[in-house]
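Please examine the sequence and the structure before reading on.

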Amino acid sequence: SEMGELISVEGVIQSVSDGVLKLHEAVFECQQCMNTLVRRAGSQIEDQVQPPVKCGNCDSEMFQITERKFQDRRTLVIKQKPDKRSREKLRVVLQGELAQDKKRTIKATGSAVRIIGYLEPQRKNERSKKKLYYKRLRANNVELLEDKWEDIDISNEEEKQIQGISDRDDVKDLLVD
């Protein structure tokens, strides 16, 4: 019921993909009359630039790409926070400025985030004859909720214990045990 709606989701980052370039827009030129047509990745389900079928001027079906525009893209997988009953995973797509992560919002796995975006269907497997879809969130905003390392208060006694452990020769073995 929330497909196509702007929603807010809180969760913990489970994985972050490397940034990639995705074809966002292409200019096609008709090989017969040289008419140009601009196509964008518009369909939420397929999310690809589709070539024109016929030229609007001469009905030719022969086109060549003359320009391409790419956009940065990154995918996150988030899980709902541990205090929630359902631990559902959600795939999140970041594009453009968000995928570049200049603010370092997407630090690493385990970070708690609030993501605002549009819920949309995505084909599960492009090659499969079955048309199965999963939910994904096309992000408009990513906000870091907390830094789990800054929230820890350590007493003087605990600090002394940590210092004592760090001075030991068998620290690695102790941690493994």
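In the account below, Ala, Val, Leu, Ile, Met, Phe, Trp, Tyr, Cys and Pro count as nonpolar, Asp, Glu, Lys and Arg count as charged, and the others, Gly among them, count as polar. The model is a predicted one.

## The largest pocket

The largest pocket holds about 280 Å³ of space. Its lining consists of 14 residues. Those nearest the centre of the pocket are Ile7, Val9, Gln80, Glu88 and Leu90. By residue class, the lining is made up of 7 charged, 5 nonpolar and 2 polar residues.

Which strands each supply at least two residues of this lining? They are strand E1 (6-16), strand E4 (63-80) and strand E5 (89-95). The largest share, 4 residues, is provided by E1.

Most residues other than glycine have a negative phi.

Met34 is not a glycine, yet its phi is positive, at about 65 degrees. Met34 belongs to the loop that runs between strand E2 (20-30) and strand E3 (36-40).

Asp59, also not a glycine, has a positive phi of about 65 degrees. The loop between E3 and E4 contains Asp59. Is Asp59 buried or exposed? The relative accessible area of Asp59 is 54%, and a residue counts as exposed when this value is over 50%; Asp59 is therefore exposed.

Technical notes. Residues are numbered from 1 along each chain as its sequence is written. This is a predicted model: local features need pLDDT of at least 70, side-chain atom pairs count only at pLDDT 80 or more; totals for chains, interfaces and linings use all residues. Side-chain values use heavy atoms; hydrogens and water are left out. On a 1 Å grid over the protein atoms alone, a cavity is a set of points where a 1.4 Å probe fits but cannot get out, and a pocket is an open set with protein on both sides within 12 Å along at least five of seven lines; lining residues have an atom within 4 Å of a point. Grid points are joined across faces, edges and corners, and a volume is the space filled by probe spheres set on the points. Buried means under 20% relative accessible area, exposed over 50%, partly exposed in between (1.4 Å probe, protein chains only).
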